[in-house]
Every structure is written in structure tokens, then in C-alpha cells.
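Please look over this structure with its charged side chains in mind. A short report follows.

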Amino acid sequence: MSDPSSASETLDELTARHKKELKAFEGEKRGAIKNAKSRGKKGKGAVKEAEFKYEGLERDLKERHRLELQQLKSGGDKEESKTDAEIKEEESNNQSTPS
């Protein structure tokens, strides 16, 4: 009943969930960069790679949050949810391709 994607989620619940997701993401990002830095000279490339990866992921997360907020304010239109899912799938496909 407290499903994050439920249409009955209030604005306060949505913003609280977004803050929690962003905080968890930032901790994961810091951990990945710290781990990359611990590799010494080889870590310089790994740090840049991790920073690049997490910049993209952060942009995707913020865009998803923006879409969810827009969807909540517009009354939860089903077409927006479908578009959001399609966008998410495309982004994950783009990120899975090796650089």
C-alpha cells in the first residue's frame, strides 16, 4: 500500500522519497569514487570513469524525479508513465554500451 509508484502518493511522500533516493545515490557515488581513488596511479582513470558514470546516473535520476513530480501534479496520466518507462529503458541501454 505504500508502493512508491502508486497514484495515491502525496506530494510530501514523493519529495521525501526523492530526498531519500538522492541521498542514497550520493553515498553510492562517494563510495565508488573513494574506491577508485584507492587504486593509486591506476585510480586516476578509474576516478574519471566513475565520475562520468555517476554524472549520467544523477542526471537520469533527477529527470525521473522531475517526471514523477510533473505526473503527480497533472493527476497521474498513464501516458506519461509509459513515456517515463520508455525513457528509462533507453537510458539504461545507452549506459550499458562500453566506452
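## Salt-bridge network

In this predicted model, salt bridges link Glu9, Arg17, Glu21, Arg64 and Glu68 into a network. The structure holds eight salt bridges. Side chains of opposite charge can pair when their charged atoms come close.

Arg64 pairs with Glu21, with 2.9 Å between the closest N and O atoms. This pair links distant parts of the chain: Arg64 sits in helix H2 and Glu21 in helix H1, 43 residues apart. Arg64 also forms a salt bridge with Glu68, at 2.8 Å from N to O. Here both partners lie in helix H2, four residues apart, or about one turn of the helix.

Arg64 has a relative accessible area of 16%, so it counts as buried, the cut-off being under 20%. Glu68 is buried too. Glu21, at 23%, counts as partly exposed.

## A further pair in helix H2

Lys62 and Glu58 form a salt bridge at 3.4 Å, N to O. They are four residues apart in helix H2, about one turn of the helix. Lys62 is partly exposed at 45% relative accessibility, whereas Glu58 is buried at 18%.

## Glu51

Glu51 belongs to helix H2, residues 43–74. Its relative accessibility is 32%, so it counts as partly exposed. The C-alpha atoms of Glu51 and Ala32 are 8.6 Å apart, with the two residues 19 apart along the chain.

## Confidence

The chain averages a pLDDT of 80, and 68% of the residues score at least 70.

How values were computed
Residues are numbered from 1 along each chain as its sequence is written. Side-chain values use heavy atoms; hydrogens and water are left out. pLDDT is the predictor's confidence in each residue, from 0 to 100. Helices (H or I, at least four residues) and strands (E, at least two) are DSSP runs, numbered from the N terminus. Buried means under 20% relative accessible area, exposed over 50%, partly exposed in between (1.4 Å probe, protein chains only). A salt bridge is a side-chain nitrogen of Lys or Arg within 4 Å of a carboxyl oxygen of Asp or Glu.
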